[in-house]
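Student: Could you take me through a close look at one part of this model? I would like to see how a single residue sits among its surroundings.

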Amino acid sequence: MKKTGILNRHLAGALAGLGHGDGVLVCDAGMPIPDGPRVVDLAFRAGVPAFAEVLDGLLAELVIEGATAAREIRDANPEASSLLEGHFPGLDLVSHERLKELSAGARLVVRTGEARPYANVLLRCGVFF
């Protein structure tokens with residue numbers, strides 16, 4: 001049994017299967033989830049688990065070479081915007097509609113319980129060497 005890191009067996013297994021260039025959408029409870037990607041739904045109640053908490057856990061285990069979010073996040077959710085810009089200085093901002101289109105190509109979707117708007121980011125996996 002694991003004693004550290006991500007303990008959810010479905011999420012840990014999905015992360016182990018990712019490779020260089022794969023997309024991981026970390027999303028709030030309201031983001032439409034496209035058909036196709038594997039989904040690990042962590043949402044329990046509104047706000048639980050929080051977007052920031054899930055993102056921090058994923059970033060502790062993944063190598064990320066890029067990230068994309070909706071530009072609407074800046075006005076609608078400044079806290080999440082600051083969080084993302086702090087983690088990803090080269091954060092790519094697109095329209096929310098475009099983010100939804102791009103998420104269809106993700107390999108994995110991790111749904112949080114976040115209940116604040118536009119708390120969504122599409123991560124692009126890197127390689128550790």
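Asp28 is buried yet makes no salt bridge, and the nearest side chain of opposite charge, Arg111, is 7.0 Å away. Buried here means under 20% relative accessible area, with exposed over 50% and partly exposed in between (1.4 Å probe, protein chains only). A salt bridge is a side-chain nitrogen of Lys or Arg within 4 Å of a carboxyl oxygen of Asp or Glu; Lys and Arg count as positive and Asp and Glu as negative, while His and the chain ends are not counted.

A word on the source: this is a predicted model, where local features need pLDDT of at least 70 and side-chain atom pairs count only at pLDDT 80 or more, while totals for chains, interfaces and linings use all residues. Residues are numbered from 1 along each chain as its sequence is written, and side-chain values use heavy atoms, leaving out hydrogens and water.

Back to our residue: Asp28 belongs to the loop between β1 (23-27) and β2 (38-41), strands being DSSP runs (E, at least two residues) numbered from the N terminus. A polar atom of the Asp28 side chain lies 2.9 Å from the backbone nitrogen of Met31. The side chain of Asp28 also reaches the backbone nitrogen of Tyr118, at 3.4 Å. Beyond its neighbours within four places in sequence, Asp28 is in contact (heavy atoms within 4.5 Å) with residues including Arg111, Glu114, Arg116, Tyr118 and Asn120.

Cys27 is buried too, with a relative accessible area of 0%. The sulfur of Cys27 is 15 Å from the closest cysteine sulfur, in Cys125, too far for a bond.

Conventions. Disulfide = S-S within 2.5 Å. Helix = DSSP H or I, 4+ residues; strand = E, 2+ residues; numbered from the N terminus. Polar contact = N/O pair within 3.5 Å; in protein donor to acceptor, adjacent residues only side chain to side chain.
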